[in-house]
Amino acid sequence: MPDRTEIYRAALALEAGQLVAFPTETVYGLGADAENPEAIAAIYAVKGRPSGHPLIVHLAEGADVTYWAEAIPDEAQKLIHAFWPGPLTLILKRASHIPPAVAGGQDTIGLRCPSHPVAQALLSAFRDGKGGVAAPSANLFGHVSPTLAQHVRDEFGNDSRLAVVLDGGQSDVGIESTILDLSRIQTHGPVLLRPGKISAADIAGVIGKVPAEADKAAPRASGTLQSHYAPHTPVVLVPAEKMADVLKRLKDKGRRIAVMHYSPLPDVPETSFSARRLMPSSVEAYSHNLYASLRALDEAGADMIVVENTPGNDAWVGVNDRLRRAAHDAGGLLEKWLA
Ligand code: TXA
Ligand code: MG
C-alpha cells in the first residue's frame, strides 16, 4: 500500500492538473481534478474516449454533495446513507458552477464515494477533501477495465501524462459501480443505467421503488454501449451443457482456444485449449477475478475466448452484463467457425 508521502505526491499532482491512476474497490480509476477542464481534456485524450461521454466525480467520505449537485432528492440522501462509501454512482442535476466538461456537456453529474482506503486517502489529501476527482476506469476506451496496478501500466505504458499510478492491490469487487440516475426522478422515477454489485433489489430495499431499466431517453453512458469491456481476442458465450461439444468441435477445426469456465470439464483433454481459467462459483469471487482472467486469456494468443455462460439469476446481472458486452462484437462468429 502507498505510504503518506506517495499519497501526498499524488494529491499534489492532481492539484497541478496532472493525471493519477488510483485503486477503488470496483476497478482502477484514471483521475484528474474534476474542476480543471484542461485536466479533464487530458483524460479523454489518454483514454481515447469520445468527449461526449461523462465522467464520474469521486468524493471523499462526508464531502458536501450540495456543492456538486443542484437538487438532492430524498432518495439520494437515503442511498448515500446506506451505500457510501461503496460501489454506487448517483446521477443528479449538476450544480451550475461545476464546469460542464466533466459531465460531457450534460446538465447532470455522476457522483460516487469509493470505499477503497487508498482512494479515500487520496480524496482527503486532494484539496483537503473538498475537491472532486473525475475518474473513468483506467483503460483505453472500450477495453477491459483494470483491477490491478499492473493492468494500468500495461494499458498506458510510459505515457508521460500519467504522473502517478498508486498501487492498492487487486480491486475487491472487480466490476464497475452500479449507476443509478436520479436526475429525472420526478418524471421518470429512478433508472438503473449500469448494473453492479449493488442490485436493483438492494436499491428498492432502501428507497421503496424498483429502478427502471435504462431506456433510450436515458443520458449517454459509455458503459451502456453494446460493445464494451472487451479483450482483443473475440469472446463467445456458450451454455454450460454445450461446452464440451463446442470445445471438441473447435479443436477439430484447428482453432486455438482460451477457455473461461466455472463448471468442471472432465471430458475435455487439456490439449484442447491454449489457456484455461477455472472461475470460482460464487458471484463475488467470480466478479473479483473476471477482468484479470479476461486479460490473462487475452494474452494466450488464442483465436477465441470461449466463456461458459454464468447463471441467469438476479445475483449475476452485473457479471452477465459485462460478459454480454465483451462478447458483442463476436456475435455469429462461433456459428461461422463451426459450420
Ligand atoms: O466503478 C466505477 O464506476 C469506476 C471507478 C473508477 O470508480 N469508474 C468507471 O468510470 O467505471 P467509466 O467512465 O469507465 O464509466 C462511467 C460511466 C460511463 O458509462 C458514463 O457514461 C457514466 O458513468 N456517467 C458518468 N456521468 C454520467 C452522467 N452525468 N450521466 C449519465 N451517465 C454518466
Ligand atoms: Mg470504463
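Colleague: I am starting with helix 2. What covers its buried residues?

Modeller: The cover includes strand 1, strand 2 (29–33), strand 6 (133–134) and helix 5 (149–156). Keep in mind that this is a predicted model.

Colleague: Which residues of helix 2 are buried?

Modeller: Helix 2 spans residues 37–47. Its buried residues are Ala39, Ile40, Ile43, Tyr44, Val46 and Lys47. Buried here means under 20% relative accessible area.

Colleague: What caps the N-terminal end of helix 2?

Modeller: Asparagine 36 does. One of its side-chain oxygens lies 3.0 Å from the backbone nitrogen of glutamate 38. Now look past the other end. Glycine 48 follows helix 2, and its phi is positive, near 70 degrees.

Colleague: Now helix 7. How do I read the faces of a helix?

Modeller: Start with the general idea. An α-helix has 3.6 residues a turn, so residues three or four places apart point the same way. Now the case. Helix 7 covers residues 200–207, and Ile203, Ala204 and Ile207 are buried in it. Viewed down the axis of helix 7, these buried residues fall within an arc of 100 degrees, so they line one face of the helix.

Colleague: Which exposed residues does the face turned away from the buried side of helix 7 carry?

Modeller: Ala201 and Gly205.

Colleague: In what sense do strand 1 and strand 7 pair?

Modeller: In the parallel sense, over three bridges. Strand 1 runs through residues 19–22.

Colleague: How many salt bridges does the structure hold?

Modeller: It holds 16. The general idea is simple. Side chains of opposite charge can pair when their charged atoms come close. One case is glutamate 75 with lysine 209, at 2.4 Å from N to O. Glutamate 75 is in helix 3 and lysine 209 is in the loop between helix 7 and strand 10, so the pair ties together parts that are 134 residues apart in sequence.

Colleague: Are those two residues buried or exposed?

Modeller: Glutamate 75 counts as buried, at 15% relative accessibility. Lysine 209 counts as partly exposed, at 34%.

Colleague: Which residue does arginine 295 form a salt bridge with?

Modeller: Glutamate 155, with the closest N and O atoms 2.8 Å apart. Arginine 295 belongs to helix 9 (residues 283–298) and glutamate 155 to helix 5, so this pair ties together parts that are 140 residues apart in sequence. Arginine 295 counts as buried, at 11% relative accessibility. Glutamate 155 is buried, with a relative accessible area of 11%.

Colleague: Which residues do salt bridges that share partners join into one network?

Modeller: Glu176, Asp321, Arg322 and Arg325.

Colleague: Back to single residues. Which side chain does arginine 112 contact?

Modeller: The side chain of arginine 112 makes a polar contact with that of glutamate 25, at 3.0 Å. Arginine 112 lies in strand 5 (residues 108–112). It is buried, with a relative accessible area of 2%.

Colleague: Last stop, glutamate 308. How far away is the nearest side chain of opposite charge?

Modeller: That is arginine 276, 9.3 Å away. Glutamate 308 is buried yet has no salt bridge. It lies in strand 14 (residues 304–308).

Colleague: What does the side chain of glutamate 308 reach?

Modeller: It reaches the backbone nitrogen of tyrosine 262 at 2.9 Å. The side chain of glutamate 308 also makes a polar contact with the side chain of serine 263, at 2.4 Å. Among the other residues that glutamate 308 touches are Val238, Ala240, Met243 and Tyr286.

How values were computed: Residues numbered from 1 in each chain as written. Chains lettered and ligands numbered in written order. Predicted model: local features only at pLDDT ≥ 70, side-chain atom pairs only at ≥ 80, totals over all residues. Heavy atoms only, no water. Helix = DSSP H or I, 4+ residues; strand = E, 2+ residues; numbered from the N terminus. Buried < 20%, exposed > 50% of the residue type's maximum accessible area, 1.4 Å probe, protein only. Lys, Arg positive; Asp, Glu negative; His and termini not counted. Salt bridge = Lys/Arg side-chain N within 4 Å of Asp/Glu carboxyl O. Polar contact = N/O pair within 3.5 Å; in protein donor to acceptor, adjacent residues only side chain to side chain. Contact = heavy atoms within 4.5 Å. Arc of directions from axis to C-beta. Pairing = 2+ DSSP bridges.
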